[in-house]
Amino acid sequence: MPQLKTTKRLRLIAAVLLAAAISILCLGGCGAGQTESAQQDPPATSQTVTVTDMLGRSVEVPAEAQRLIGIGSSSLRLISYLNAADKVVGVEQSELKDNVTCSYRHVNHETFKNLPVIGDGGSKGTTPNEEAIMQAAPDVVFASIDKDAADALQERTGVPVVCLTLSNVVFDQAFYDNVNLVGSIVGKQERAADIVRYMEDTRADLEKRTASLPADQVKTAYAAGISFRGGHGFAGTEANFPPFQATNVKNVADVNGASGAFDIDLEAISSAQPDYVFVESGNLPLVKEDYEANPSYFSALKAVQDGKVSTLIAYRFYATNIELALANCYQVGATVYPAQFADIDPTQKLDEITEFFLGARLSSDLAAEGCEFKQIDLANL
């Protein structure tokens with residue numbers, strides 16, 4: 001019996017040792033497997049980043065968004081400027097209408113017209129279709145809407161909403177900040193930097209040409225037929241008109257603390273007697289009606305008598321079309337200060353600018369719709 005107990009005890013010890021050996025081998029094998037796996041598959045890096053949008057909201061977005069939607073004025077325009085229109089997966093109903101004075105929409109019409117509609121847009125206001133947005137499955141929505149609307153849209157759709165802002169100023173830090181923000185999200189940082197550089201170079205070029213003019217050589221001008229909330233006749237104008245400001249032209253509509261677009265008292269224009277008059281070409285029919293109703297008023301204007309009436313191209317359509325605004329600056333400069341702009345053909349400059357921003361030379365398309373730079377005779381419109 002003692003010998004049997006000893007034998008059983010030895011077998012038990014052997015079994016325990018064998019189990020321990022097997023366990024050690026398994027742990028060693030698993031450890032080797034884990035090490036090899038760790039070498040082949042390094043820890044994943046974050047796939048999102050947090051940005052601060054133009055309203056100060058912190059928004060978590062993909063590191064490089066590939067599927068985009070733009071809501072409200074300027075959102076889709078900025079995407080187009082950044083050469084990212086091919087990433088758009090849904091558009092507002094208003095974006096389906098081709099209009100050459102809304103240049104980004106005109107250039108991308110064939111692309112946009114086949115995309116799902118995700119809201120109204122335009123004069124109807126920004127009314128996003130949340131279900132349509134979710135079906136389009138964007139990585140991010142860019143929107144020129146208020147904070148509360150953005151928070152609600154983001155919560156209901158589960159899609160990051162990045163707010164953008166608008167400005168009527170052409171050379172504006174806010175515009176640069178918008179461009180850089182969108183560029184950083186869609187992987188177009190270099191393009192964004194190019195746009196800001198182009199804008200600043202243009203501003204510097206315009207300033208260099210006119211800033212040193214003696215006070216007695218600074219000319220006065222009036223901008224007529226300026227569109228705001230629809231077309232306007234001769235009284236429709238704008239205080240602090242950017243193309244005048246950029247070219248050192250004194251705006252006779254900068255009176256009595258006026259700001260932005262408004263209808264001026266025409267007696268103020270006849271009293272000021274501007275050296276030059278500019279008219280938005282799209283509103284020439286309305287100006288023609290004004291002339292026919294009161295030809296003596298217009299014939300008494302010095303600029304009309306001297307043949308110094310020329311056209312501009314409307315540049316506000318669903319907010320500011322920067323490329324057309326810049327072209328208008330050169331049209332004003334070349335018309336008012338021909339010596340300082342002797343090397344500039346405004347129509348050629350228009351093509352250069354639209355090609356940079358949108359990849360297309362648009363002067364011919366614009367002219368086909370009656371939007372061109374030219375001298376005009378109000379008596380023979």
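## Largest pocket

The lining of the largest pocket comprises eight nonpolar, 19 polar and eleven charged residues. This description rests on a predicted model. In total, 38 residues line the pocket, and its volume is about 1100 Å³.

Nearest the centre of the largest pocket lie Gly 230, Arg 316, Phe 317, Tyr 318 and Ala 319. Two secondary-structure elements, α3 (103–107) and β10 (260–263), each contribute at least two residues to the lining of this pocket.

## Second largest pocket

The second largest pocket has a volume of about 180 Å³. Its lining consists of 16 residues, and those closest to the centre are Ser 74, Thr 165, Leu 166, Ser 167 and Phe 175.

Helices α2 (75–81) and α7 (173–186) each provide at least two of the lining residues of the second largest pocket. By class, eight residues of this lining are nonpolar, six are polar and two are charged.

## The four-stranded sheet

Four strands form an open sheet in the order β4-β3-β5-β6, and their pairing is parallel.

Strand β3 (residues 68–71) runs parallel to β4 and is joined to it by two bridges. Within this pairing, Leu 68 has Val 88 of β4 as its bridge partner.

## Helices on the sheet

Helix α6 (residues 147–157) packs on the sheet, where it touches β3, β5 (140–143) and β6. The direction of α6 makes about 165° with that of β6.

Helix α7 also packs on the sheet and touches β3, β5 and β6. The direction of α7 makes about 170° with that of β5. Besides packing on the sheet, α7 supplies at least two residues of the lining of the second largest pocket.

## Overall organisation

The protein has 381 residues, of which 46% are buried. Its secondary structure includes 16 helices and twelve strands. Among the contacts between residues at least 6 apart in sequence, 67% join residues that are at least 24 apart.

How values were computed:
Residues are numbered from 1 along each chain as its sequence is written. This is a predicted model: local features need pLDDT of at least 70, side-chain atom pairs count only at pLDDT 80 or more; totals for chains, interfaces and linings use all residues. Side-chain values use heavy atoms; hydrogens and water are left out. On a 1 Å grid over the protein atoms alone, a cavity is a set of points where a 1.4 Å probe fits but cannot get out, and a pocket is an open set with protein on both sides within 12 Å along at least five of seven lines; lining residues have an atom within 4 Å of a point. Grid points are joined across faces, edges and corners, and a volume is the space filled by probe spheres set on the points. Ala, Val, Leu, Ile, Met, Phe, Trp, Tyr, Cys and Pro count as nonpolar, Asp, Glu, Lys and Arg as charged, and the others, Gly among them, as polar. Two strands pair if DSSP finds at least two bridges between them. Contact means heavy atoms within 4.5 Å. Axes are lines fitted to C-alpha atoms, for helices over the stretch in contact, and angles run from 0 to 180 degrees between N-to-C directions. Buried means under 20% relative accessible area, exposed over 50%, partly exposed in between (1.4 Å probe, protein chains only).
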